[in-house]
Amino acid sequence: MTTELEVGLYIFMLAGFLGYHIITRVPPLLHTPLMSATNAIAAISLVGSLVVAGSDYSNVPNGWVCTLLGFAAVTCSATNAFGGFLITDRMLRMFKTAEERARGTRRPVELQAFGGVLALVCVVAAILYATKPDGMAMGEYLHEHVAPDALRYCYIISAAMFVLGLKGLSSPKFARRGMALAALGMFIAIVGTLFHPHIVTYRWIGLGLLIGAVVGGGMGLRIPMTAVPQRTALSHSLGALAACLVGISEYFRYQGALSRVTLTALDFEVVIGALTFTGSLIAAAKLQELLPGRPITYRGQNIFSMGLLALIAGSAIYLVFSQAATPFFYLMVLLSFVFGLLLVIPIGAADMPVVIALLNSYGGLADAAMGFVLMNKIQIITGSLDGTSGFLLSLLMCRAMNRSAFNVLFGAFGTVSEEDAAAAAEAKGTVRSITPEETAVLFETSREIIVVPGYGMAVAQAQHAVAELAKILRERGVEVKFAIHPVAGRMPGHMNVLLAEANVPYEYLHEMEAVNPAFPQADIVLVVGANDVTNPAAKNNKSSPLYGMPILEVDRAKSIIVLKRSMRPGFAGVDNDLYYNEKCMMLFGDAKDSITKLITEMKSLL
Ligand code: NAP
């Protein structure tokens, strides 16, 4: 084993442990920003892409292919970097306390970041000017004498900034500042790489960065918060494609004549990159409803997929031992693209957040593998951080759903047939319904109300109406809490982001463990489009698919009002015993319409 490989492996492991410790401290409140933050940091694949796009291929037959692949990789990674940091910042800007909202905007992070960059540029320029030998041109001094060492220091500083940036996500108070630091880290890494001694032309780099800035910036600024899961998936696909393209370019350049260690890393890079690319595209298409959300399965599917995987692994091993240019490489890449499609197609849309977190982790591994191919330590570090974060988030989600990762990936969960839905709708007891007028009267006499938001609130886009209702109740002296289940909605932290968007201060949001003891004192629990996360069968019914999943114990409140359109089940496809509880009343209809009517009634009662 070469020393450099040994060092790389140590760095990979240590960054993984560090990532684990930092990411376990990120509260569920910030899990969605965490997803897009690690995604933005994973755009460090840009560093490798810049070198590939700007290198000299004059002695490589058809070297333009490498330049073209590098240009495409720069475009993909730059889109990721611009879009990822912008949308994370947009999200984090929404998380404010009541006091901060009353005070107006927080201290502008943008100004601080700009000041930081300016100060840094001035200090660097002063050092360069002071150390330049007399009579030597600045360009020559920079390229020949400064660049190689400076680059190493730039990468060390960037790595530290990424770690500190993720650390900032352990509290909403420091999260924006942390992300500004991470963005500065990315800026330093990119600017440093532009002085890389292998870069001889900036034409394709400039064009790729420009396209990435326009596309990524547009996506980051315009995409609605409800579309964050599909944007994250799309972003993973671009990052993974960049890693795959850089790997193909390196193979093409050296025609397979690379060391066995490098070839092993390169195989990993292109295989994981290719399958993450197509897998993420399918995930994004399912979430955007461009593809049917139900699991698409076919006979012999697992055997076919396993056969394909065996073929890919066989080709990879053969390539490492043959160490020569062979069409097997391109076949392996093609099969990996197909494998990514087959991996995600049988998974239901509702399970996509777990899949996206896993693909995030794969994307990180592809980045780290690229780091091993190019022996670039910053890519190894960020790839490892990204890989750990995605893996940990997917495990947390599985645990909160009381399901195994195997069940998510191969269980074809979420196939609610029409018959099942109809059966679920069959009355199992008496269901009491209530009107907005009656609800308003009940609210008038309540002192303590807990709101339980769920996926239906996102579907109805009812978060602003819910926030207004809570504000009115508070103004009337009612204590209002929001109870947040870790997997309410369809992505980790989904409800937190929506409520933050609707200006609900984050100290009003309470996590499941903290709020469960408060339910018996609540006069009313208002369930807004939540279903599975309130189902008592998870506690009482051993035969239920939900059995064992921790739930919000709303059945312990004095009375419960559920806002949903029908008796249809939620994501797990099981009937909810809560609706037959004599304390429970159903306010049927679209959640936003129902709350709007409720607010009108409450105002008329004044
Ligand atoms: P849920 O169990 O899926 O139930 C959502 C309910 O919202 C449905 O019963 C639906 O009933 C109602 N609804 C839909 N549109 C509505 C509208 N316009 N107005 C009013 N109600 C509406 O949601 P949940 O309680 O939030 O639970 C989340 C589920 O997703 C859990 O099973 C969890 O395991 C799973 N999951 C979550 C994540 C995550 O990261 N958050 C990831 C993967 C899976 P009607 O059709 O009758 O209106």
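## Strand S3 and its neighbours

In this predicted model, Glu448 has Glu479 of S3 as its bridge partner. The pairing of strand S2 (residues 448–453) with S3 is parallel and extends over 4 bridges. Strand S4 (residues 509–511) also runs parallel to S3, and 3 bridges join the two. Within that pairing, Ile484 stands opposite Glu511 of S4.

Strand S3 itself spans residues 479–484; because 5 of its 6 residues are buried, S3 is largely enclosed by the rest of the structure.

## The parallel sheet

The sheet is open and is formed by 7 strands in the order S1-S7-S6-S5-S2-S3-S4, with parallel pairing. Its edge strands are S1 (432–433) and S4, each of which pairs on one side only. Strand S1 runs parallel to strand S7 (residues 584–588), to which 2 bridges join it. In this pair, Ser433 stands opposite Met586 of S7. Helix H24 (residues 591–604) packs on the sheet and touches strand S5 (524–528), strand S6 (559–564) and S7. The direction of H24 makes about 125° with that of S6.

Strands S6 and S7 pair in the parallel sense, over 5 bridges. Here Ile561 stands opposite Met585 of S7. Strand S7 is largely enclosed by the rest of the structure, because 4 of its 5 residues are buried.

## Helix H15 with helix H7

Helix H7 (residues 138–168) and helix H15 (residues 377–401) have axes that come within 9 Å and cross at roughly 15°. An angle under 35 degrees counts as roughly parallel, and H7 is therefore roughly parallel to H15. The crossing of these two helices, H7 and H15, is right-handed.

On the H7 side, the residues that meet H15 are Tyr155, Ser158, Ala159, Phe162, Val163 and Leu166. Their counterparts in H15 are Ile378, Ile381, Thr382 and Leu385.

## Helix H15 with helix H2

The axes of H2 and H15 come within 9 Å and cross at roughly 155°. Angles over 145 degrees count as roughly antiparallel, so H2 and H15 are roughly antiparallel to each other. H2 passes H15 in a left-handed crossing. The contact involves His31, Leu34, Met35, Thr38, Asn39 and Ile41 of H2, together with Thr382, Asp386, Ser389, Leu393 and Leu396 of H15.

Helix H2 (residues 31–41) is mostly covered, with 11 of its 11 residues buried.

## Loop residues with positive phi

Most residues other than glycine have a negative phi. Glu289 has a positive phi, near 60°, and is a residue other than glycine. The residue lies in the loop between helix H11 (260–287) and helix H12 (301–322). With a relative accessibility of 70%, Glu289 counts as exposed.

Gln323, likewise not a glycine, has a positive phi of about 50°. Its place is in the loop between H12 and helix H13 (327–344). Gln323 is partly exposed, its relative accessible area being 29%.

Ala137 is found in the loop between helix H6 (109–131) and H7. Its relative accessibility of 45% places Ala137 in the partly exposed class; that class lies between the limits of 20% for buried and 50% for exposed. Along the chain, Ala137 and Lys286 are 149 residues apart. In the model, the C-alpha atoms of Ala137 and Lys286 are separated by 56 Å.

Conventions
Residues numbered from 1 in each chain as written. Predicted model: local features only at pLDDT ≥ 70, side-chain atom pairs only at ≥ 80, totals over all residues. Heavy atoms only, no water. Buried < 20%, exposed > 50% of the residue type's maximum accessible area, 1.4 Å probe, protein only. Pairing = 2+ DSSP bridges. Axes fitted to C-alpha atoms, helices over the stretch in contact; angles between N-to-C directions. Parallel < 35°, antiparallel > 145°, perpendicular 65-115°, else oblique. Left-handed = near helix turned anticlockwise from the far one by under 90°. Contact = heavy atoms within 4.5 Å.
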